[in-house]
Each structure stands twice: as C-alpha cells, then as structure tokens.
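Subject: Structure handover and notes

Hello,

Here is the structure for your files. My notes on the contacts follow below it.

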Amino acid sequence: ELKKRAISTLLDIPNFLGFKNNLILENMQIVEELGVKEASDDLVALSKTPFFWNGKLRNKAKDILGKWNVR
C-alpha cells in the first residue's frame, strides 16, 4: 500500500495545460530506472492522456511500458 501511494505521489500529479509535464517526465524516468513495474497502471493511464501538450508524456509512458512488455 505504501509503494502504491509513493507511485501515485510521483505520477498522479494534477497537470493543467501541461505545466507539470517536466516534473512528471522526471518522475517517470526515476520509475523506469528503478524498474518499479508496480507503476504500470499509472503509466497506462499516462499513455492515454488526451491533448497535444501531453504528447511527450504519452510517448514516454508507452516507451517504458514497451520496455517492460506491458500494454
């Protein structure tokens, strides 16, 4: 449960108009480097974020999920 809350703290950040994209991308990099596959559900959600300003988030999430063979 604590691990899930930590993952949510890193990835489930309100992101109005993409102002927090860089922070979320950095946190996604941390999750990837540590191999925290428990973050897969959050990454799937990020891979489906709408709007053009979230394109980098979608692509990074898809990239990580692809490396982990999770879809």
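Glu32 and Lys67 form a salt bridge, with 2.8 Å between the closest N and O atoms; the term covers a side-chain nitrogen of Lys or Arg within 4 Å of a carboxyl oxygen of Asp or Glu. The pair links distant parts of the chain, since Glu32 sits in helix H2 and Lys67 in helix H4, 35 residues apart. Helices here are DSSP runs of H or I with at least four residues, numbered from the N terminus. Glu32 counts as buried because its relative accessibility is 15%, whereas Lys67, at 52%, counts as exposed. The cut-offs for these words are under 20% relative accessible area for buried and over 50% for exposed, with partly exposed in between (1.4 Å probe, protein chains only).

Before the rest, two remarks on the source. The model is predicted, so local features need pLDDT of at least 70 and side-chain atom pairs count only at pLDDT 80 or more, while totals for chains, interfaces and linings use all residues. Residues are numbered from 1 along each chain as its sequence is written, and side-chain values use heavy atoms, with hydrogens and water left out.

Other salt bridges

The whole structure has 4 salt bridges. Lys67 also pairs with Asp63, where the closest N and O atoms are 3.5 Å apart. Asp63 and Lys67 are 4 residues apart in helix H4, so about one helical turn separates them. Asp63 has a relative accessible area of 35% and is therefore partly exposed. Through shared partners, salt bridges join Glu32, Lys60, Asp63 and Lys67 into one network.

A further salt bridge brings together the side chains of Glu38 and Lys3, at 3.3 Å from N to O. Glu38 lies in the loop between helix H2 (21-34) and H3, and Lys3 lies in helix H1, so this pair ties together parts that are 35 residues apart in sequence. Glu38 is partly exposed, at 47% relative accessibility. Lys3 is likewise partly exposed, at 47%.

Helix packing

Two packed helices are described by the angle between their axes and the distance between the axes. The axes used here are lines fitted to C-alpha atoms, for helices over the stretch in contact, and the angles run from 0 to 180 degrees between N-to-C directions.

Helix H1 (residues 2-11) and helix H3 (residues 40-47) have axes that come within 10 Å and cross at roughly 25 degrees. H1 and H3 are therefore roughly parallel to each other. On the scale used, angles under 35 degrees are roughly parallel, those over 145 roughly antiparallel, those from 65 to 115 roughly perpendicular, and the rest oblique. The crossing of H1 and H3 is right-handed; a crossing is right-handed if the near helix is turned clockwise from the far one by less than a right angle, and left-handed if anticlockwise. H1 contributes Ile7, Ser8 and Leu11 to the contact, and H3 contributes Asp42, Leu43 and Leu46, contact meaning heavy atoms within 4.5 Å. By class, the residues of this contact are 4 nonpolar, 1 polar and 1 charged. Ala, Val, Leu, Ile, Met, Phe, Trp, Tyr, Cys and Pro count as nonpolar, Asp, Glu, Lys and Arg as charged, and the others, Gly among them, as polar.

H3 also packs with helix H4 (residues 55-67), at an angle of about 140 degrees and with the axes 7 Å apart. H3 and H4 are therefore oblique to each other, and their crossing is left-handed. From H3, Ser40, Leu43, Val44, Leu46 and Ser47 meet Leu57, Arg58, Ala61, Lys62, Ile64 and Leu65 of H4. The residues of the contact of H3 with H4 comprise 7 nonpolar, 2 polar and 2 charged.

Two asparagines

Asn27 is in helix H2 and is buried, with a relative accessible area of 9%. Not counting residues up to four places away in sequence, Asn27 touches Leu10, Leu11 and Ile13. Its C-alpha atom is 11 Å from that of Leu43, a residue 16 places apart from Asn27 along the chain.

Asn54 is in the loop between H3 and H4 and is also buried, with a relative accessible area of 7%. Leaving aside neighbours within four places in sequence, Asn54 is in contact with Asn15, Gly18, Asn21 and Thr49. The C-alpha atoms of Asn54 and Asn15 are 9.2 Å apart, with the two residues 39 apart along the chain.

Regards
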